[in-house]
Structures are given as C-alpha cells and as structure tokens.
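Please look through the sequence and the structure shown here before reading on. The briefing that follows takes up helix packing, backbone exceptions and a few single residues in turn.

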Amino acid sequence: MLWSGWGDPAKAAPLPESVVGLLRDLLGVTTSRDVSAVPPVPLGELKVADSRLDDTALAALGAAVGAANVRTDDESRVRHTRGKSTPDLLRIRSGETADAPDAVVLPGTHDEVLDVLRACAERRIAVVPFGGGTSVVGGLAPEGVRAFVALDMRRMDALVSVDEVSRTAVLQPGLRAPQAEALLRERGYTLGHFPQSYEWASIGGFAAARSSGQASAGYGRFDEMVVGLTVATPEGMLDLGRAPKSAAGPDLRQLVLGSEGAFGVITSVTVRIHPVPESASYEGWRFASFETGTAALRRLAQDGPMPVVLRLSDEAETVIGLADPGAVGRGLPEAAGCLAVVGFEGTPDEVAERRAKVHAVLTGAGGECLGPGPGEKWERGRFNAPYLRDSLLDAGAFVETLETATFWSGIPALYEAVKGALTTVLAGAGTPPLVMCHISHVYPTGASLYFTVVSAQGEDDPLGHWAKAKHAANNAIISAGGTISHHHGVGTDHRDWYAWEIGPLATDVLRAIKDRLDPAGILNPGVLVPSAGQESRWSEAERP
C-alpha cells in the first residue's frame with residue numbers, strides 16, 4: 001500500500017481541471033496556500049526516532065517469532081505508522097512520524113502470538129495488532145505508552161479449512177479480503193463481504209472493528225457472519241463458538257467482535273460462507289427527495305423483499321456524482337433528486353423474480369427506475385472513493401468521512417444535526433463545506449448515515465481546524481440519539497463519545513474485562529476504553 005495515501009499508487013489519478021475549478025469556485029480551495037498541496041516528503045527522507053526497545057527486548061521478540069521477523073528499519077516502521085484517516089495522512093505527508101512503532105513483529109502462528117504477548121507484558125511494551133492498516137479512527141496509535149510494537153499479522157494468511165456441510169470456513173486473520181475471496185471462490189463459495197476498504201483490509205480487522213460491507217442488505221454485517229473465534233491474550237487463549245447459537249450464558253464472541261485489539265489478538269475466525277451466485281445485476285433509481293427515498297428503503301427493509309445492495313445518496317451527493325467516484329463533477333442534473341443503487345444476486349430466475357417484486361415496491365414509493373447504467377457505474381467504481389480522497393488532498397482540499405446509525409424515526413433529526421454541526425463550524429471558520437450523505441446499510445428498525453465533507457483547509461492549522469468540526473459532529477450524533485460509529489469503529493478518536501454513549505457503569509465493565517485479560521495494559525492502550533487513570537480529553541461541560 002502507498003505509505004502516504006491509499007492503496008495502489010498506480011490507481012491514483014489527478015483530478016480533472018473541471019473538478020479543480022469546482023473546488024475553487026464552490027469552496028474557495030486554493031492550492032497555493034494549502035499544506036496538502038505540497039508533495040509528500042519522500043519516504044527515504046523521513047526521520048524516525050531511535051527504537052526505544054533495548055537489545056534484551058528485541059532478543060525476546062526474536063525468540064518468539066524468529067529474528068528475521070522483527071523489523072526495526074525506518075521504512076517498516078513508517079509503513080506501520082497510524083492509519084488512513086485524513087489527519088493520519090496529512091501528518092505522514094508532512095513528515096511527522098512521532099507515532100511510529102518501535103518495532104514491527106510478524107508472528108506466524110497462534111502460539112507465536114501468545115509468546116509475543118507474554119514477552120511484551122513482562123516488559124510493559126504495548127502491542128498494536130496490524131492487519132491492513134486501514135483504520136480511520138485512530139485505532140493504530142496507542143496513547144500514553146513508553147514503547148510499542150506493531151503486531152503485523154500478514155504471515156497468518158491461510159484458508160485453514162472449509163466445512164461444506166455446515167457452510168463455514170476457518171480463516172487466519174492476516175488474510176486480506178481479496179485473497180480470502182479468491183481462495184473461497186476456488187471452492188465455489190463467497191464470503192459476500194465487500195466494504196470500501198475491501199482491497200486492503202484483513203479478515204482479523206473486519207472482526208475486530210465490526211465491519212459492514214456494501215452488500216450487507218443481502219449477506220449481513222461481518223459480525224453476523226462470524227460463528228467462531230480464537231483469541232490470544234496475555235493471560236492465555238479464548239476459544240469461542242462451538243455452535244451457531246447457544247443459551248449457555250452471554251455470547252462471548254460478541255465481546256471480541258468490535259474490541260479493536262484492546263482485549264486480545266484474533267488468531268482465527270470461523271465464518272459463514274455462501275455459494276457463488278450465478279448472476280448479479282445493479283441498477284439505479286431516482287427519488288424526488290432524500291425523505292422520499294428514505295421512506296422507500298424503509299419499506300423494503302421492513303416488509304421486503306430485500307436486494308443484496310441497497311443505498312441512497314442525498315441531493316448533494318447525487319449532484320456531485322459521488323456514487324460514481326470516477327465521474328465526480330458529472331452527476332445527475334440538479335433537478336434529478338436522489339440516486340439509489342439497488343443490486344441483486346442469485347440464479348437468473350431468482351434475480352428476475354426478486355427484481356420484479358422490488359420494482360413494484362420502489363415504484364409504489366415514488367421511485368423511477370433509471371436502468372442498469374448508474375448501478376453498473378457504481379459497481380465498477382465501488383472501491384475508488386479513497387483514491388478520490390487522495391486526489392482531493394493533492395489538489396489542496398480537505399476531505400473526510402464520518403458515519404453513524406439510528407432508528408428510522410430518528411433519521412431526519414440525526415441527518416440535520418450532523419450536517420448542521422459541520423456546516424456551522426466550518427463555515428464559521430471561513431471554509432464553508434460541501435456536506436454529502438448516503439444511507440449505506442439498512443435494517444428493519446433503522447439505517448446508517450455516511451457523511452462526506454469537503455472544504456478548504458484552515459490556513460494555519462488544518463488538523464486543528466478539522467478537529468473542531470469533528471468534535472461538533474460527534475456531539476451532534478450523541479445528542480441526536482445516534483451511535484458514535486456504525487462500522488468504522490471507536491479507536492481513540494471516538495473513545496470519549498463511546499463512553500458517553502454507553503454510560504459510566506458499562507465503561508467500568510469494559511475496563512474490568514480488559515484488566516482481567518490484559519492486566520499489564522499492553523493491548524492497544526487508549527483504544528476503545530480509557531486505561532485506568534486516563535482522563536477524558538474533554539471537560540464534563542463539553543459533554544453533549
């Protein structure tokens with residue numbers, strides 16, 4: 001992966017002049033003044049502080065995984081520094097490497113992971129599990145640590161087994177999603193999990209962050225796909241999931257799913273699999289307004305039938321054309337309302353039957369079918385948005401995303417609250433934003449909202465400029481009854497709002513679990529739940 005941006009450098013492309021002009025005219029973006037318009041510091045010129053691990057600690061890590069699998073060179077450490085949020089990229093592009101790990105450790109087995117955790121617990125060295133490195137919520141930058149290692153899981157990348165009778169597969173955590181899908185398809189199966197991070201994210205990361213893919217309407221979220229987990233902790237192993245469902249107490253699988261490496265390191269995942277569908281089709285639908293389109297999606301989610309893919313862009317996202325990142329600036333005409341993308345999979349007969357039923361519902365709800373063109377464009381460019389983000393940064397714009405979810409009755413208020421908070425703060429600072437949104441995942445009781453924000457950068461402090469807007473948006477989410485994250489996770493960026501969301505007693509319960517599994521406090525400190533004695537970064541008066 002490109003160290004200073006997203007994905008394959010060959011796929012990044014400069015913005016067309018028409019889009020640069022749109023940024024200039026609409027948002028006041030001027031590349032001459034913006035930090036991000038300066039090319040990233042060359043990788044070979046980045047300065048990384050000396051490792052804080054002494055020879056004894058390095059020898060202990062080498063004894064656990066083999067000396068060749070402990071790396072302290074500058075390039076390895078830079079490539080494991082932070083994640084892929086816009087603030088992360090702006091820092092690394094400017095040459096700021098303060099959060100670089102002191103070593104990168106590559107275990108090859110579950111037992112090696114256990115040995116690394118024991119060695120690090122004995123020496124109070126923090127451990128940050130590293131899959132694809134795609135976190136956008138501060139999930140790879142521990143707080144308040146003396147030294148830490150990035151535990152890169154890439155050597156644990158096997159499809160361990162397939163149970164064709166039960167239709168389950170055991171996958172190792174370091175498998176990247178495309179590898180996992182290719183291995184399963186050789187056996188005639190698919191996982192059906194295709195988040196925007198698909199090209200680079202890992203199986204372990206999907207489980208640790210409760211990922212949700214673009215086909216969740218048909219296949220479900222990743223946490224719904226998981227039926228078993230093996231986890232290494234400093235105190236030993238957890239082996240969870242001996243049956244699909246159980247009444248034997250609380251489901252401890254749910255304790256690990258979404259734990260972001262704070263409770264343990266996932267070393268294998270057992271998931272549901274599905275036969276590869278014979279056919280797939282995608283199409284576009286037009287609705288007069290976001291409100292009308294939302295009501296139509298709710299009808300499908302509650303009364304069926306459900307397609308495999310179901311998403312709805314608001315008016316701003318439709319006009320800009322963000323549903324097709326390869327054609328930004330050439331969206332539907334302004335009077336076109338809102339674009340929905342609907343996808344179907346199955347046998348040809350199943351697809352035809354379901355499409356006919358979905359058409360009846362959407363037409364009755366005020367929708368107009370636009371045919372396969374918009375849907376196929378979305379399908380071809382479904383993983384391109386992060387590359388577009390990098391191109392916008394190169395052009396001097398600031399662009400970031402955030403997401404949330406709530407019940408259907410709360411969608412209008414949540415939508416207006418977040419959009420209003422972002423607009424008020426950024427416009428008040430002299431950088432009026434373009435705020436776009438889409439519904440990306442639906443359920444019978446509610447849906448998620450995914451916001452994209454584009455503005456000029458603050459002249460003197462782009463990171464501080466965004467931090468104020470993000471703070472306001474997070475407060476708006478909690479105040480409006482939304483969850484602080486639907487699928488990006490908590491990390492350090494959302495940790496305080498997550499504590500406010502669940503309340504002090506539940507926060508203490510999570511801390512107690514961490515203290516039992518990780519008494520030395522080495523597992524991703526500061527992520528998900530504050531360490532003992534760690535104070536909130538905001539005063540109680542700022543609490544929403």
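**Helix packing and local geometry**

Helix H4 (residues 86–93) and H17 pack at an angle of about 170°, with their axes 10 Å apart; axes are lines fitted to C-alpha atoms, for helices over the stretch in contact, and angles run from 0 to 180 degrees between N-to-C directions. That makes H4 roughly antiparallel to H17, where angles under 35 degrees count as roughly parallel, over 145 as roughly antiparallel, 65 to 115 as roughly perpendicular and the rest as oblique. The model is predicted, and local features need pLDDT of at least 70, side-chain atom pairs count only at pLDDT 80 or more, and totals for chains, interfaces and linings use all residues. Residues are numbered from 1 along each chain as its sequence is written, and side-chain values use heavy atoms, with hydrogens and water left out. Helices (H or I, at least four residues) and strands (E, at least two) are DSSP runs, numbered from the N terminus.

**The contact of H4 with H17**

- On the H4 side the residues are Pro87, Leu90 and Arg91, and these meet Pro462, Leu463 and Trp466 in H17, contact meaning heavy atoms within 4.5 Å.
- The residues of this contact of H4 with H17 divide into 5 nonpolar, no polar and 1 charged, where Ala, Val, Leu, Ile, Met, Phe, Trp, Tyr, Cys and Pro count as nonpolar, Asp, Glu, Lys and Arg as charged, and the others, Gly among them, as polar.

**Helix H16**

- Helix H16 (residues 411–428) has 18 residues and reaches 25 Å from its first C-alpha to its last, close to the 26 Å expected at 1.5 Å a residue; the expected span is 1.5 Å times one less than the number of residues.
- Its buried residues are Ile411, Leu414, Tyr415, Val418, Ala421, Leu422 and Leu426, with buried meaning under 20% relative accessible area, exposed over 50%, and partly exposed in between (1.4 Å probe, protein chains only).
- Seen down the axis of H16, these buried residues fall within an arc of 140°, so they line one face of the helix; the arc is that of the directions from the helix axis to the C-beta atoms.
- An α-helix has 3.6 residues a turn, so residues three or four places apart point the same way.
- Pro412, Glu416, Thr424 and Gly428 are exposed on the other side of H16.
- The partners against which the buried residues of H16 pack are helix H11 (290–303), helix H12 (315–320), strand E16 (397–407), strand E17 (434–442), E18 and helix H17 (462–479).
- Just after H16, Gly430 takes a positive phi of about 90°.

- H11 has 14 residues and reaches 20 Å from its first C-alpha to its last, close to the 20 Å expected at 1.5 Å a residue.
- The buried residues of H11 are Phe290, Gly293, Thr294, Ala296, Leu297, Leu300 and Ala301, and they cover an arc of only 160° around the axis, which puts them on the same side of H11.
- Glu291 and Asp303 are the exposed residues on the face of H11 turned away from its buried side.
- Just after H11, Gly304 takes a positive phi of about 70°, and a cis peptide bond with omega of about -5° joins Gly304 and Pro305.
- Pro305 itself is found in the loop between H11 and strand E13 (309–313).

**Backbone exceptions at two arginines**

- Most residues other than glycine have a negative phi, and most peptide bonds are trans.
- Arg167, although not a glycine, has a positive phi of about 55°; Arg167 is found in the loop between strand E5 (159–163) and strand E6 (168–171) and is partly exposed, with a relative accessible area of 40%.
- Arg210 is likewise not a glycine and has a positive phi of about 55°; its place is in the loop between helix H7 (203–208) and helix H8 (216–219), and at 22% relative accessibility Arg210 counts as partly exposed.

**Single residues in their surroundings**

- Ser455, in strand E18 (residues 446–456), counts as buried at 2% relative accessibility.
- Leaving aside its neighbours within four places in sequence, Ser455 is in contact with Leu27, Val29, Ala397, Phe398, Leu426, Thr431, Pro432 and Pro433.
- Thr168 is found in strand E6 and is buried, with a relative accessible area of 16%; apart from neighbours within four places in sequence, its contacts are Ser161, Val162, Asp163, Val227, Thr270, Val271 and Ile273.
- Ile513 lies in helix H19 (residues 504–517) and counts as partly exposed at 22% relative accessibility; its contacts, leaving aside neighbours within four places in sequence, are Leu255 and Phe263.
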